[in-house]
Amino acid sequence: MILNTISIINYRNIASANVELSPKFNCFVGKNGMGKTNFLDAVHYLSFCRSNITSVDAQVLRHDQEFFVIEGDYFNETGEQERIYCGMKRGQRKHFKRNKKEYKRLSQHIGLIPVIYVSPYDTSIIENGSEERRKMMDMVISQYDNEYLNALSNYNKALQQRNALLKMEVEPDPLLFDMWERQMAQEGTAIFRKRTEFIQQLTPVFERIYSRVANVDERVSLNYISHGQRGDLLDVIQRDRARDRIMGFSLHGVHRDDLDMALGGYPVKREGSQGQHKTFAIALKLAQFDFLKTTNSKTTPILLLDDIFDKLDASRVQQIISLVAGDDFGQIFITDTNRQHLDGLLRQGDFDYKLFLVDEGNVHLEEERHV
């Protein structure tokens, strides 16, 4: 998928921008806080129906403004045009449209425009709790498997209902427990199988990309950990109901899944340097790109690279640049505060690019090349 033009009104610090883009490289340079990340976040919003920065839609509205609008004109793999519209007024629900037809459910849009967003905060996948790693798996699988998204939604609803029963002061009806636990088990089993398959296929791609980016002999691995591996999930959920009642929440289920990440056989969270953490996270994201590209959709994702050069040595930066400049990658958006980094990337090959200056939310074309 290629984003040809994007129009942005009142999105974070961007008052108004109407930008024609390159089908290959789009580079955005400017000081911190000028709006580079906000521009990429608007591109992300058109794919995921939400911001990558905040989960509260009202927080993307520009200060003292009553609405925001983002519109994007895309070309798919067959050259057909797709027009995506998103708009929201303060205090009201947002509207998402594809070719002027509004979606009944936002979940219907997820996966149409696959996106991989690489940001400085990706090391949270390694350094934070298991929720970050589950979120990473869910974000990727949901982009190529709509049934997974439905299973996840149904599981979370059942989990919320069971947790509400666990918190009741009076003893709840056992039949209600049984009903919600069965739904958790049914949907959770489907989630467990799809996550298992995803990690099995992702791991060798991730190992290959990490080896190339790191350019050293460092062994990395991913190991999926789930209560679904303990046997029948319904039995696993029900066996500790009494303990769950004491705790007031569900201790077992796929909402407790985790992904063990290792470097040299040891947890990368404990052993890795800042540079190794960032290399690990970037390689993981680029592996997700490769994975999405080869799924049934056969759609090349859009790659968003936000300030990725910080805390990486020159060798690893060079490897990343040479990797993404290759033919395996489609349209790419890159931000940086250092013009020299971007100039170095643009000298790598004979490809189209546009370089934009971002200043106080304004986006100006500085340089371009067509081949």
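This is a predicted model: local features need pLDDT of at least 70, side-chain atom pairs count only at pLDDT 80 or more; totals for chains, interfaces and linings use all residues.
## The nonpolar cores

The largest nonpolar core has 76 residues. Within this core, F25, F206, L222, M261, F280, L303 and V324 touch the most other members. Helix α5, which covers residues 174–214, supplies the largest share of this core, with 15 residues. Another core lies apart from that one and has 41 residues, including M1, L3, L40 and I84.

F206 can be followed in detail. Leaving out residues up to four places away in sequence, F206 touches V220, L222, F280, A283, L284 and A287. In soluble globular proteins, nonpolar side chains tend to be buried together.

## Helix α1

Helix α1 runs over residues 36–48 and has 13 residues. From its first C-alpha to its last, α1 reaches 19 Å, which is close to the 18 Å expected at 1.5 Å a residue.

Is α1 enclosed or open to the outside? Of its 13 residues, 12 are buried, so α1 is largely enclosed by the rest of the structure. The buried residues include the charged K36 and D41, and also F39, L40, V43, Y45, L46 and F48 among others. Just after the helix, C49 takes a positive phi of about 65 degrees.

## Helices α9 and α10

Helix α9 covers residues 274–293 and helix α10 covers residues 314–324. Their axes come within 12 Å and cross at roughly 10 degrees. Because angles under 35 degrees count as roughly parallel, α9 is roughly parallel to α10.

Which residues of α9 and α10 meet? On the α9 side they are G275, Q276, T279, I282 and L286. On the α10 side they are R316, I320, L323 and V324. By type, the residues of this contact divide into 5 nonpolar, 3 polar and 1 charged. V324 is also one of the residues that touch the most other members of the largest nonpolar core.

A281 is placed in helix α9. With 3% relative accessibility, A281 counts as buried, because buried means under 20%. Apart from its neighbours within four places in sequence, A281 is in contact with D122, T123 and I126. A281 and F68 are 213 residues apart in sequence, and their C-alpha atoms are 32 Å apart in space.

L312 is found in the loop between β12 (302–306) and α10. Its relative accessible area is 13%, and L312 is therefore buried. Once neighbours within four places in sequence are set aside, L312 is in contact with G275, K278, T279, I282, V317 and I320. Of these, G275, T279 and I282 in α9 and I320 in α10 also take part in the meeting of the two helices. Along the chain L312 is 276 residues from K36, and the C-alpha atoms of the two are separated by 20 Å.

## Y155

Y155 belongs to helix α4, which covers residues 146–166. Is Y155 buried or exposed? Its relative accessible area is 1%, so Y155 is buried.

Not counting residues up to four places away in sequence, Y155 touches M184, E187, G188 and I191, and also H252, G253, V254 and H255. Y155 and I141 are 14 residues apart in sequence and 15 Å apart in space, taken from C-alpha to C-alpha.

Notes:
Residues are numbered from 1 along each chain as its sequence is written. Side-chain values use heavy atoms; hydrogens and water are left out. A nonpolar core is a set of buried Ala, Val, Leu, Ile, Met, Phe, Trp, Tyr and Cys residues joined through side-chain atoms within 4.5 Å. Buried means under 20% relative accessible area, exposed over 50%, partly exposed in between (1.4 Å probe, protein chains only). Helices (H or I, at least four residues) and strands (E, at least two) are DSSP runs, numbered from the N terminus. Contact means heavy atoms within 4.5 Å. Axes are lines fitted to C-alpha atoms, for helices over the stretch in contact, and angles run from 0 to 180 degrees between N-to-C directions. Angles under 35 degrees count as roughly parallel, over 145 as roughly antiparallel, 65 to 115 as roughly perpendicular and the rest as oblique. The expected span of a helix is 1.5 Å times one less than its number of residues.
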